[in-house]
Amino acid sequence: MFLSYFTEQPMSAYPADEGLKEGFTSVMFSNKYYDPVEGSRLFNERIEEYKLADQVGFDGIMVNEHHNAPFCMQARITVMSSILAAITENAKIVQLGNPLPTYDSPLMFAEEIAMIDMISKGRLISGIVRGAGQESVCLNANPAYNRERFNEAHDLLVKTMTDDGPFSWEGEHFQYRVVNPWARVLQKPHPRIWVPGVFSAETIRWAAQHRYPYISLNTPLHLTGELWEIYDQAARAVGYEPGPENRGYLLRVHVQKDGDKARENAREFMWMQGEFTGIGHPYWVSPSGYGSSARRLDYAKMANAEVRGSRAAPFEQQLAAREIVAGTPDEVIAELRVVLETCRPSILMLWGNDGDVNHDDSLRCIELMGTEVLPALRDIGDELGLHDPFELDSPISLALTPPDELNPIESAADERPEDTSDSRSLKMFR
Amino acid sequence: MAMQTVTTTVAGLGMREFTGGSGDPLVMLHHSFGNPGWMPIHEALAYHYTVHALDLPGYGGTDGSERPEWARHPRDLALLVGQWLRAKELGPVELVGCGFGGWVAAELATMSPELLKRLVLVGAAGLLPENGRIYDQFLVSHSNYVEAAFSSTEAFEAIYPRNGDESEEHPLGDDTLVVWDMNREMTTRVGWKPYMYNRRLRPLLGGVTIPALVVWGDNDAVVPMECAHAYVEALPDARLEIVPDCGHAVDLEAPESLAAIITGGEG
């Protein structure tokens with residue numbers, strides 16, 4: 001199993017009552033409430049925690065990027081990746097992911113990824129994302145072309161990593177008279193690309209069609225079977241048999257020696273009313289043109305409904321559904337066994353600390369994960385046959401799979417309409 | 001008065017209009033939230049003109065004008081309106097543009113003035129205000145934005161009745177919501193940024209020598225009144241008419257006043 005540590009790096013030191021008064025905590029929630037002295041403290045605490053995660057045996061440290069909201073302090077994924085490249089020794093740097101469509105220069109990502117891969121001595125996993133709609137609003141990237149820009153930026157990124165320059169690029173959304181960065185990725189042909197998401201059928205299929213692992217982001221456990229069915233059908237349609245090596249799962253997990261204390265700290269996962277991307281409006285989270293047109297009516301109804309506040313399920317309910325796992329190491333291992341048996345991922349991201357969990361408790365959680373939880377999970381993974389892409393040395397992508405190993409089954413193509421899953425993810429990320 | 005729905009193919013795209021009345025041709029271009037139908041303003045003007053209420057390309061829902069996938073700027077829409085006028089051999093016409101449609105009309109006037117007899121801009125976007133700000137629809141819900149185009153909730157509901165149960169979360173009809181969203185998507189495709197202005201428009205307005213009429217609601221909360229003055233200053237032969245107690249959507253909120261202004265008081 002590939003076991004990774006993650007935290008959203010919350011800017012928890014903000015006046016939550018102001019957010020409650022406003023009714024939202026993203027996009028337009030004023031940064032006058034941002035205290036950079038606290039920001040400095042929090043960043044440096046997280047950096048110490050990452051160092052410990054590296055030392056106690058995590059295979060990876062997952063980082064991400066969001067904007068204009070307290071739920072995540074990382075405004076630039078490549079900045080934190082660069083820091084990890086310098087301060088860690090063993091763990092892979094798992095970018096989930098580079099938000100390609102929200103910037104006007106895919107070449108910038110190609111250069112930064114190459115630098116980070118070299119500095120980290122080949123420890124980079126350069127995941128990619130479309131970015132939620134609110135990131136498009138915050139960075140003013142046209143949301144109606146988000147998917148087109150994602151596809152084109154991906155093609156250019158991969159070509160830049162694999163082909164010698166100079167070449168020119170004349171795309172619909174990006175143009176370069178010269179692509180010839182003097183920074184090349186160390187890992188050949190290129191670092192692995194993973195694709196995270198909550199439950200967007202379009203993105204799940206896209207990942208499967210490229211043979212990139214899909215990392216399911218805290219998707220309710222009972223839905224993961226349906227999710228992998230979509231992935232598996234798309235995989236078979238392009239000619240390969242998917243397995244646990246194609247599957248990742250991110251889950252909120254908190255461990256302490258005292259189970260009650262762990263569960264008390266885990267309540268911090270409910271900070272900002274349990275909406276882990278903050279409270280936003282549907283027309284920010286999914287601006288018109290960003291989502292699938294098949295669910296236009298549902299979206300328009302939701303966007304105009306003016307419902308305020310949280311739609312998150314109560315803590316106890318999420319605990320019972322194993323959307324949050326908390327307890328002593330033994331309790332957590334028992335719960336995670338069920339998760340692994342149900343979801344069967346080979347890549348597990350342990351989202352360890354969030355909200356106002358203090359630095360000391362965060363360090364203890366990471367330590368306990370490293371000394372007790374991770375070894376047990378590796379045993380369970382072996383027992384269940386959950387072998388990750390590195391163990392299997394599985395192909396990096398469909399494009400890098402020898403054609404004679406592919407056996408496309410056309411009848412496997414999924415006829416399921418787009419709308420069901422997209423509307424589900426919209427509800428979660430309201 | 002009898003009204004017809006006509007679709008004309010231009011550049012491979014079906015472009016829909018509602019048309020009626022008699023007399024010289026008058027073309028109306030709608031707001032970014034679309035034309036809700038054959039409205040009182042069309043009816044009032046149809047006594048004096050043959051009115052063509054055109055759905056801009058990509059607007060009007062699935063029954064409206066087809067979307068040009070390639071269009072990236074309101075100027076692209078202005079080019080298509082020009083091609084549509086030529087295809088129908090309508091010009092020179094009275095061109096009335098409201099809000100976003102006013103911006104498209106102004107762009108068309110700079111590129112093909114020979115197609116126009118007169119330019120009428122009603123709360124037109126297109127110029128960057130120096131002091132105020134054009135109200136950004138992308139930060140608010142569809143219904144909140146459209147309501148902001150009226151001076152009161154009553155005026156808004158007169159055009160968009162809340163035909164559902166008031167206790168429902170979304171009392172507006174499904175069809176309205178879907179068309180609003182399709183229109184907003186098209187506005188996103190051509191007008192995401194810079195939002196509702198073109199720095200290259202103002203310098204070209206000096207070359208538009210046809211008569212121009214600039215009409216503004218004095219309670220316009222969408223496009224600041226300073227933009228009305230900017231248009232009047234930039235256009236060589238323009239005059240300003242202000243409609244009292246009226247919001248941004250003068251065409252929808254005060255159709256009789258607007259018709260009287262356009263027809264020179266004959267309304």
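Which residues of β7(B) are buried on one side, and which on the other? In this predicted model, B:Ala212, B:Val214 and B:Trp216 lie on one face of the strand, while B:Leu213, B:Val215 and B:Gly217 lie on the other, and all of them are buried. Both faces of β7(B) are therefore covered, where buried means under 20% relative accessible area.

**Strands of chain B**

Let's stay with β7(B), which spans residues 212-217 and has six of its six residues buried. On one side of the pairing, strand β6 (residues 116-122) of chain B runs parallel to β7(B) over four bridges. There, B:Leu121 has B:Val214 as its bridge partner. β7(B) also pairs in the parallel sense with strand β8 (residues 238-243) of chain B, this time over six bridges. B:Val214 turns up again here, with B:Leu240 in β8(B) as its bridge partner. To get from β7(B) to β8(B), the chain passes through helix α8 (residues 225-234) of chain B, making a right-handed β-α-β crossover.

Strand β5 of chain B, residues 93-98, tells a related story: because six of its six residues are buried, the rest of the structure largely encloses it. B:Val93, B:Leu95 and B:Gly97 sit on one covered face of β5(B), with B:Glu94, B:Val96 and B:Cys98 on the other. Strand β3 (residues 24-29) of chain B pairs with β5(B), and B:Met28 stands opposite B:Val96. β5(B) is joined to β6(B) as well, with B:Val93 opposite B:Leu116.

| Strand pair | Sense | Bridges |
|---|---|---|
| β3(B) and β5(B) | parallel | four bridges |
| β5(B) and β6(B) | parallel | six bridges |
| β6(B) and β7(B) | parallel | four bridges |
| β7(B) and β8(B) | parallel | six bridges |

**Helix α8 of chain A**

Over in chain A, helix α8 covers residues 224-238. The buried residues of α8(A) are A:Thr224, A:Leu227, A:Trp228, A:Ile230, A:Tyr231, A:Asp232, A:Ala234 and A:Ala235. Their cover includes α7 (201-210), β8 (214-217), β9 (247-255) and α13 (329-343) of chain A. Just past the end of α8(A), A:Gly239 adopts a positive phi of about 115 degrees.

Note on methods
Residues are numbered from 1 along each chain as its sequence is written. Chains are lettered from A and ligands numbered from 1 in the order in which they are written. This is a predicted model: local features need pLDDT of at least 70, side-chain atom pairs count only at pLDDT 80 or more; totals for chains, interfaces and linings use all residues. Side-chain values use heavy atoms; hydrogens and water are left out. Buried means under 20% relative accessible area, exposed over 50%, partly exposed in between (1.4 Å probe, protein chains only). Helices (H or I, at least four residues) and strands (E, at least two) are DSSP runs, numbered from the N terminus. Contact means heavy atoms within 4.5 Å. Two strands pair if DSSP finds at least two bridges between them. A crossover is right-handed if, with the strands pointing away from the viewer, the path from the first strand over the helix to the second runs clockwise.
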